[in-house]
Structures are given as structure tokens and as C-alpha cells.
Amino acid sequence: MEQRTAKDDPQGELSARLRLIQELSGLGVRALARDTGLSSSSLSRYLSGQTVPPWPAVVALCRLVKRDPRPLRPLWERSSNPLPAPPKASRQVHPRPRNDLPRDVPDFTGREAGLAAVLAAVDTHRAVAVDGMAGVGKTCLAVHAAHRLADAYPDAQLYVDLHGFTEGRDPLDPDSALRMLLGALDVPSERVPQEGVEQLAACWRAELAGRRAVVVLDNAADADQVRPLLPGAGPSVVLVTSRNRLLGLDEVPPVSLDVLSPRESAELLARASGDPGGPEGRLAREPDSAAEVLRLCGHLPLALRLAAARLRHRPGWTVGILVERLAQGASEFDTAFAMSVRQLDRAHARLFRLLGLLPGGSFDEYLAASLADVPLHSAQAMLEDLVDAHLVQQPTAGRYRLHDLVHQHARRACAEQDPPVERERALGRFLDYYVHAAAAADAAMPVLSPGRSPSAGRPPAALPRFADKHAAFAWLSAEYESMIAAFETAAAVGADLHVCELPRFLRGYFARRCGTTHLNHLFERSLAAAERLGDPRQLAETYSDLGFARYNAGRMAQAAAAYEAAGLRVSETGDVRSEAELAMRRGYLRWDEGDAEEPLELFGLAGRLYEQADCPAGAAHAAAAEAWALLQLGQRDGAARRAREVLAIPHPDPAWPPSLTARITLGVALAGEAPEEAAEHLHRALALAREDGHMNNEAWSLNCLGVALRQMGRYEEALASHREAFVLLDELFEEHWKIRFLNGYAETCRLAGLPEEALRLHRQALELAPGLGYRHEEAQAHEGIAVLLDGSDPAAAAEHRAAGRAVRRELAPAAR
């Protein structure tokens, strides 16, 4: 009986299971909502069976009562997808596994007991905390263990530096760490809770629940920083390192590291120095001096590697000479650092000191060249020498970092030896680099209408070159943490122009990541910086950017307010290009608010302004938007003609946004009279969106393909296409995007003979539209429901028809 019920009414069965979970919790609806981070009204609908909850909500409820949510997944999928899901061979559901682990050191030595303890703890508790003094080799052991575990945890291998003891930088707060980890799993930020560490932690645990991942949380400050980052139920494992014993993590067994034993120290010194061993080796010939080296280095792996590097690169030295140089230091660390730094020439020593100004994290040779104001080839050569000297680490090819102790030494040396004016100039070059490098990457990813060149600071002599948009996106992903650190540094030192401009060149990155939450936060701070600058152009552009971020987050009223503020200022600047971009953005907003004609005028105005500003790329964006607006107004011939004009514009990237918009427009416009050509355009747009990796565009292409197939009378194919679009939107957690597609999907269901499904979709649209400000979709939902209820409930149909007319009357004064 239970199987029959679940098959016939999966949504009712799911709500019954969720009510059982509530009973297990012993909580009322409000308390249950509070503890899971859900709204009480939404939770009530989930428990009553009125609405199918999103999967993260199911996971949060199960986690609260310590139940595995995975057995509920098939039932949830049947509830969410009453129609058979389309075959998934057309797209890769799970992206390529992420591997962020630093390189495993080639001379890993000893630590047999420590390694066995770490692997045993992971096996029994799925977590372990490695603690010990600075330089004792905690990170080295954790990374080595993670590499050993990688084959057993193939879904992701993640590494995050929590900066618990990085001088000059606050420890990474759990909120930021969770967002970084979720981003590393390619979870779009709109699927990530906007605020609240508990909600973020629940999302993180839910994402890990179905994966086998190994996570290294390096350099933790304390238990409070780590606790929200631990996985919940599921197979994933986490390795934590800290200088402190994390006493508050009772469920995480500790492994404490001491200095190396004399045997392990001697073995590491020999391997790291390239000593051949045997009686002919330098260490064997001078056993007393070798023992003194071990003592002076305190048997610490970091200090031993620094000392060994000197022997490896000084074949003429005896071990006794190394002892003499080491003896000049005051402690194990000072001994090793001072001796290594003294061997550097002036240029190398200067670069090393300036690297101490960086706010932690990894960097590349381009940043090093800009920081020191030296040619790129010089920076590359010096970095390799510093790597050989073990003063700089190279965790992955082309990426460098400083151990916290080395970073502290370099920072202190810079403060002591470099005058304030030189430090200030170097910091300025660091900020200039990231603004200009981000601008170069953004220019290689033409997701939005083209932006202007940065005005903050001076362009560096050398910037990374990006072969294509994928290379640019990979660079932005690798540099994201460092760019946010640069943004925070700029805010801290009052570099307001950099604060204004850096987020502007991250818009394309966030668009590809389907993310708006963090971008809204960045632009809010940019606006405060623009107000301090008092520059009308910066104020106009920042208000416009903030409005566009609000719009993409579904916050329509706030977007309109920001655009109004931008409009007041853009007229003061006389900047035609900014005026054109604002007109485009206002056009998008007005259409979604329900205006049918003003958007067409605004897109036409934008096109003329872009032409006036000699910006052909912007004019192409505007023309494509015009074609789409004409299609929405029912002017199919005009829409098709304008779309063909856009496709005739040459561009090296076939997935260039104007071309994609034009193909989709043309496909829908031609569906009735030229179905084969229409299908060709739409399938081509879908393939390009998939190749581009832009999942929102993929969902848009699928939905429009569904509309076109419906117009061709190919209902089953249309339903499959709509269904696949909504699978994507569920994966993205883009509820506000759904409102653009729900009524069209419902109409396809009605014509395909699925009135109950059509009614459910229209009602879902009616639930979303008013809160988001999509009045046109609200009216359409009322009208669609009225059609469906005409035969069964005429009175209710009349009410919905009247409500739809009322919304249309409200919209009429705004229409022209």
C-alpha cells in the first residue's frame, strides 16, 4: 500500500515523510523553521503538501534529526518532476572533480607514526586535527595524507588556508570560508544562503552529503573557526591543522606533532641537501657538524629545509661552514631565515621583503613583477631562486606562496629596511595589478555589454594573456581569493578608486558563476567609496552596477531605485557610454516589471548612444535586445529581421551574447512558418550555451526551445525541453529565474493534455510574481488559471480573470 501511495501521489508521500521528521524533532513549525533556516510559511506549505520543497530544505530537515536524506531523494525527484526527466547525456551533470591540493613534497620524510594516526582517525571519525608548533610540518603531513586519500575520495580534493596565524591578516571568518568551499564545489552563489553561518554550514553539509571529498583546512585559529566547516552525514573527510590544540572539537581526534626525531632530521637534511649518503657524503664526513646543524635547526622541518638548500646550492661548503653561518642566528627560526636571506643578492632580497606586504594567499609571477616593478622574466627567475632557497613555496605550477613564518619574517624585514614611501608605492602597484588584470580577464569573457578600461592606478608592464574566455575564467577562479583580499586591502588603506572599480571587472565572472549575492555586497561597499570620492561618473556607474546586481538577484524595487539614482548622476557626467548601458539595464527591468513597449524604446536609445560613443559591441547588444523585445510584442517579422542583422555582425566567439540572443529570438519567431530552420537556430543556441558553461543561458535556451516545439505541435519534445530547463534551475537554486519560464511551461502542459500540471505551474508563478515585481507574469498566471478553471469552477475562473484584468489596468499607465 505504501509503495502504491508513493507512486500515485509522490508529493503527498513526501509531505507525510517530512511530518514524521517534524514529530521526531519534537518542535513546532516556528521552532523547526528557526533551527533549519527556513521561513515558517514555506515550511508550513512543505509539511501540508501544498509545495514541493527544494532539495536543500529536505536535507536541512533530515540533518536536524540526524537522518540520512538520501533515501528521500527518489521520492523528492518524483514529486518535483511529475514528467519523466529527459536523458542527461546531453550535459555533464557533475563537473570535473576539483583538486586544489598543494603539491606533495618530494622529500617527505619520517612521520610514519603521525601519518598512521592521521589515516586511522580519518577512517574512524572522518576528521582529524593536526596540531603542533610553527614550522613543525603540520601542513606537509596533512597535504601528504590528503594525496594518499585522493583516490578513495574522487569527487573533490579541496584546500583552504584559514590564515589563523598570518601576520597582517585577520583569520578567515567561517562565513567567507564556507562561501569559498561552496564555490570550489561549483555551487552557484544563488543556491547559497545569503546570510547566516548556520545556514551556510547546513548548505555545505548538504553538498558534501552525496560526495566523497577530502578537505584540508589549514592554519586554523581555533575550534570556533573550524566547527561550521566540518561535514555532517556522508563519506567526506576533513583534515585540520593548527598551532593550537583544538580543544572544543570533541568529535575530532587530535594528532599532535613534535619536532622530528634525530634519525628523521638527519634523513630529511640529507635528502633535501642532495647529499649522496655513504662515507663520501659531506654529512657522513662531518658527523659532529651535521649533528650541530640538526640542533641549531631545532629538528624543525622548515628550518632543516632552509639549511639544506644552502648546502645543495653551495657544493664548495663544508658542513662546518654551514654551522658557522647558522650559529649567527638567535633562534631556530631566526637562524634559518637570517642565514638564507643573507645569501640573497640585493634584488632577490628586495623582492622577498616586498612579498611580505601581500595579504597572504597565493600569487603568480605577474603579480610579483608588478609588486617589485621589475620585468616579468626577472621576477620569474628570482621566484625560482627563492623556491630553491625554500623561502618561497610553489604549491602548484605557476603559483607561489609564503609559509606564515616566512611571511612574518619578510613583512618585518620590509618594515625595518624599506622606507615608507617605497612600501606605499609597492602596495599601490599590488592594487593596480589586480584591477588591470581583472579588467583584462573580463574583456576576454564578453558576457555583458563591454565595460570601459580601468582608471585606477597605472597599468602594469606585464599582464596575463588569455587565449580564450575559458582561460580567463580559470584565472579569475584561481585569483578570486587574492582579488577579494586586494579589495579588502584597498578598503583598509582608503584606495577608494580601486574599491569602486575592482568589482566592476568581476561582473562577468559572477555571471558565469550564476552568482549575485556576494557581488551585491561588493557593490554596496563600492558605492560608499564612490560617495567618498564625490566623482559623478563613479557614482553614476556604481549606482548602475548595484542596480544590475539587484536586478539579477530578483530585487526589482531596489534595482529601480538604484537606476533612478544613477540616472540623476549620469546626466551630470555627459558620459554617453554610461547613459547607453543604463538605458539597456532599464529596458530589461521595465520588461520584467510588465511594460511591453518602453523596453523597445530604451533598447533603441541604447543602440543609438552606443553608436554615438563608437562602441559597436554595445550597439550589437542593444540590437539583440531590440529583436527580443519585438518578439515579446508579437512582431515576429520585425524580430526575425533584427535578429538576422545581429547574426551578420562578425565576432570570433560564436557564443557571444548578442549572437546567442539573436539565435533564440529567431528560433521562436520562425517556429510557425519555418520549423526546421527554427529548430536549427535553437539547438545551435543550446549547444553554444552548454559549451560556454553558462547554465542560466542554457536554461533560457531550453525553455525557448520548449516554446518553439509547442508552437510546432511537438508537445512531448516541448515538455522534455521545459523539464530539463527546470532541472537546471533547481540545480542553480534560481527561484527568481523560474518566474520567467513558469507560465510558458504551463501553457505547454495545457496544450499537451496535462491540465493539473499546468494549473500547478501557473499557481507557482502566481506565488512568486508579486513578491519579485513581475507584474506581467502575475497577469499571465491569473489568465492561465482562468482558462484552466473555466469548465470545472466558473466562479473561481471569473475571479482570476478579473484579477488579471486588474493587473493589466495597473500596468496600462506605464505602457506607451
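# A tour of ring pairs and salt bridges

Begin by selecting phenylalanine 603, which is buried because its relative accessibility is 4%, below the 20% cut-off. The model on the screen is a predicted one.

**Stop 1**

Tyrosine 588 belongs to helix 29 (residues 576-593) and phenylalanine 603 to helix 30 (residues 598-612), so the pair joins parts of the chain that are 15 residues apart. Is tyrosine 588 buried or partly exposed? Tyrosine 588 is partly exposed, at a relative accessible area of 27%.

Next, select tryptophan 628 and tryptophan 700. Their ring centres are 5.3 Å apart and the planes meet at 80°. This pair is edge-to-face because its angle is 80° and the cut-off for that class is over 60 degrees. Zoom out to see where the two residues sit: tryptophan 628 is in helix 31 (residues 616-632), while tryptophan 700 is in helix 35 (residues 695-711). They are 72 residues apart, and the pair links distant parts of the chain. Tryptophan 628 is partly exposed at 21% relative accessibility, whereas tryptophan 700 is buried at 15%. The two labels fall on opposite sides of the cut-off, because buried means under 20%.

**Stop 2: a cluster, and a charge over a ring**

How many aromatic pairs does the structure hold? The count is 13. For a group of linked rings, select Phe473, Tyr480, Tyr509 and Phe510, which ring pairs join into a cluster.

Then select tyrosine 153 together with arginine 212. The charged end of arginine 212 sits over the ring of tyrosine 153, at 4.8 Å from the ring centre.

**Stop 3: salt bridges within a helix**

Salt bridges number 38 in this structure. Select glutamate 292 and arginine 295 for one of them, with a distance of 2.6 Å from N to O. Glutamate 292 is partly exposed, with 26% relative accessibility. Arginine 295 is exposed, with a relative accessible area of 51%.

Now return to helix 29 and select arginine 590 and glutamate 593. What is the distance between the closest N and O atoms of their salt bridge? It is 2.5 Å. Arginine 590 and glutamate 593 are separated by about one helical turn, because they are three residues apart in helix 29. Both arginine 590 and glutamate 593 are buried.

**Stop 4**

Arginine 740 is in the loop between helix 37 (735-738) and helix 38 (742-751), and aspartate 592 is in helix 29. The partners are 148 residues apart, and their pair links distant parts of the chain. Arginine 740 is partly exposed, with a relative accessible area of 24%, while aspartate 592 is buried at 9%.

**Last stop: a network**

Finally, select Arg504, Arg507, Glu541, Asp545, Glu581 and Arg585. Salt bridges link these residues in a network.

Methods: Residues numbered from 1 in each chain as written. Predicted model: local features only at pLDDT ≥ 70, side-chain atom pairs only at ≥ 80, totals over all residues. Heavy atoms only, no water. Phe/Tyr/Trp six-rings, centres within 6.5 Å; stacked < 30°, edge-to-face > 60°. Helix = DSSP H or I, 4+ residues; strand = E, 2+ residues; numbered from the N terminus. Buried < 20%, exposed > 50% of the residue type's maximum accessible area, 1.4 Å probe, protein only. Lys NZ or Arg CZ within 6 Å of the ring centre and 35° of its normal. Salt bridge = Lys/Arg side-chain N within 4 Å of Asp/Glu carboxyl O.
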